[in-house]
Each structure stands twice: as C-alpha cells, then as structure tokens.
Amino acid sequence: MTTQLKMVLPGSSEKLRISDELAKCFDSGDGGAGMTAFLVSPFSSAIWQVEVGRDGDGAFLGRRWPEFVEAHGISVGWFLVFRHVGRGMLTIKAFDGTFFIKEFGQTLTAHIETGRARRPQFLMPLFPHWMDKMPIPAEFLKRRYIPDEELNRRKATFMNPSSDLWHIDLEKDGSNVFFAGDWSKFLKFHGIALGQALLIRYQGNMIFTFKVFELTGCRRKLVKQGSRFQLTENSEETYSSRDTEQNEEANPSQKNSHSSEEAQSQKEAHISSTRRKRNKEQKMLKTSTNSPDRRRADEIQLRISMTKTLTNYALERYICLPRWFTNEIGFQESCKITLKSSECQRSWEVNYLVEKKGACNLSAGWKMFCQDLGLKEGDKCTFNVIKRSLWHVDIERC
C-alpha cells in the first residue's frame, strides 16, 4: 500500500499537498475529477470524506480537510504519515513537535499488543548533527516506555526488514539519551542519507524496528544487494491488520463524523478484510510444520517475551519453556528456530522439541549457544520472539 510522510507547513491546514503516487489511489478514471479519500480518524475510527483535488501544482487534500485538521488539533510543524490501505481508505499517524506519536486518546504499550493498544513510536528527520549520534525524543523517555534498567544496559538493537540485527551503543548526557557508537555505520550500511526521516517503533526489550522516508515524503523499501542495503521506490507494501486494530470498531456516538452510506460501506469492507486476514493468520498457526502455510506462518511477526534464570541442568542439557509461552507462540510440533543475541553477530539453530505430554524445550543446539556466549548458572535470558522461528535473546549476567 502507498505511504507518504508530510510536514504540516503554513497553509497546509487549508490545502495539503500530496504526491501523485498517493493521489492515483483515489483516481476514479474521469481525469481526476470527483476523487474522494475516506480518511480514518485516529480518535474513534470515524470516517471523514475528504476531497482529493488537482491543480497546476499537483494533487492535494481539499474540501473537508480544514475541518479534519481543526477537529484533531493538528498544528504547523507536525509530521503526518498517510497510508492508503485499499478501497479509498486512508489512515493517518500524527507526530507533534516532540517527534513523538500523537496518542489521540489511544493506548500505547511496550508489551504484548492487545485490544486497541499500539506500539510506542517516534519520527526523526535526519539533521546534519544527528548523523553521528541521534537523540531519543525527550517525550518518549519521559513517558518511561523504556525502563531505567534497560537503558542502563547502554545497548539498543535495531532489526531491519531482513531480520538482521544491529547493536547500537547508547550514550547518556544528563537526561538525554543518544543512539551513538556504530550509529553512522548503521545509516551508511542501509543507505540512509541526510534529510531523510526514520519512523522508529519500539518493540520492547531494547529492540527497535524502522521505516525510511525520502525527502519527497515517499516511503522507501530497503532491498539487500550484496553486503549492503539500497533504498528503492516502494509504492506497494504489505498491509498488516495488526497495524490497524485501532480502526476496527467505530464509536456509535460519533454521528457528526461526516460519514455517508458510501463511507460506511467502505469502512465495513475494510473491517471485514482486516478480520479475514486475522482469521487466516490464526488458521495458519494451526497447520502442520512442513506445510507451505506453516512456513508462511513463521513470517508472522509476534511480540512475546519471557525470562528464564539458567540452572546448571539447563546449561548442560536443555531448557524447559513454560506452557503459557509456548501456547502464545502456537507451535504444535517440533521444529527448528534461530536464536540471536545482542552480544554476538552470529546466530544459532536450535531444536524446539514438543514432547508427547505437551512439555516443550530447547534441546540440540542450545548447549552450544550457552557455551559460545559463556553463560553461567544464575544468568538470566530474556527470549524475545520476533517471528515464530526467530528469537532474540537478551542476557543479564549474574
């Protein structure tokens, strides 16, 4: 789906310029006349019908856009991320002058997503003095989405679209915290340049994911070529139902949301599509290990964490996993998973064993993982399930 980043400039509250690429998503085939975007309100999933027009300077959001801006308190200097999710539906994320996402009354969580909760995130334009080290927004730190004990590790992990992990040192200066150390190497490796912007999402346990936006505001896709990544045009991206859970249930009290029967029809189709995708994901989780659907299920991103204190038996034999943890993951048969750690760039393939009585553990390959990292009795391992077959392990040594 097409995504665009826009900064609110003076005059943008009356008419907001958008890219031709985004405008084409609403083209009715009559040369650009009569185009309408169904803009999903961050407040309550109410639908606003906003005109998509064209003039000599290109495409823009026009009629009903000023009312939308006023109703949501959008101000000059904010950053807006628009995403077309199909059927004329346009979702929006707003980042205020602190670069932190505007909550609009929604729940943000750094833990497992449930209900209407969404991940904490912030957007950072890359200024010249942020190319060597970049600050974490003060508002983000103030809200304590990252506990002090995690900040004190002085290490953050960035995961790119290929699930490669980059370990970035944190630098503290009073109340300020910066991504430092190999930050400039991280940007260079991924082809990220001055003037572009990073949309960074915190997944918990000092793990961050990111998206890149070009100077034009267009979303860029990271494509690996050899040992480096290059940025390429990305007008089509996979649409995740998990990202739009907050748009699933309309508030019946919002009758003044400017929605019509056509908008309601679009909204119901959008919700139905989202639910079908979720049901399909759940069905995939129940398929056999060797089926194509199961392999696709392994790519579904999960955010589940669990901490275990290592015993001597766990170091020498295998480590048992609690039932609630394995139930959340959904494996019903033995398989292989990949472990990664912030302390080493390599990865380990480990057997995930499901026994006849239902007990689950990590066996073959686990002992090698412990030996290579020099783990000892009493050390704590936090298992972060990034994907079903990819776990990142944070180590707290005793």
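Let's start with a lysine and a ring: the charged end of K15 sits over the ring of F60, 4.4 Å from its centre. Likewise, K133 lies over the face of F178, at 4.7 Å from the ring centre. "Over" here asks for NZ of Lys or CZ of Arg within 6 Å of the ring centre and within 35 degrees of the ring normal.

A word on the basis: this is a predicted model, where local features need pLDDT of at least 70 and side-chain atom pairs count only at pLDDT 80 or more, while totals for chains, interfaces and linings use all residues. Residues are numbered from 1 along each chain as its sequence is written, and side-chain values use heavy atoms, leaving out hydrogens and water.

Now, ring on ring. Rings of Phe, Tyr and Trp (its six-membered ring) pair if their centres lie within 6.5 Å; planes under 30 degrees apart are stacked, over 60 edge-to-face, and the rest tilted. That rule gives 29 aromatic pairs. In one of them, F122 and F140 have centres 5.0 Å apart and planes at 70 degrees, so they are edge-to-face. Both F122 and F140 are buried, meaning under 20% relative accessible area, with exposed over 50% and partly exposed in between (1.4 Å probe, protein chains only). W166 and F189 make a tilted pair, at 5.2 Å and 45 degrees. W166 is buried at 19% relative accessibility, and F189 at 16%.
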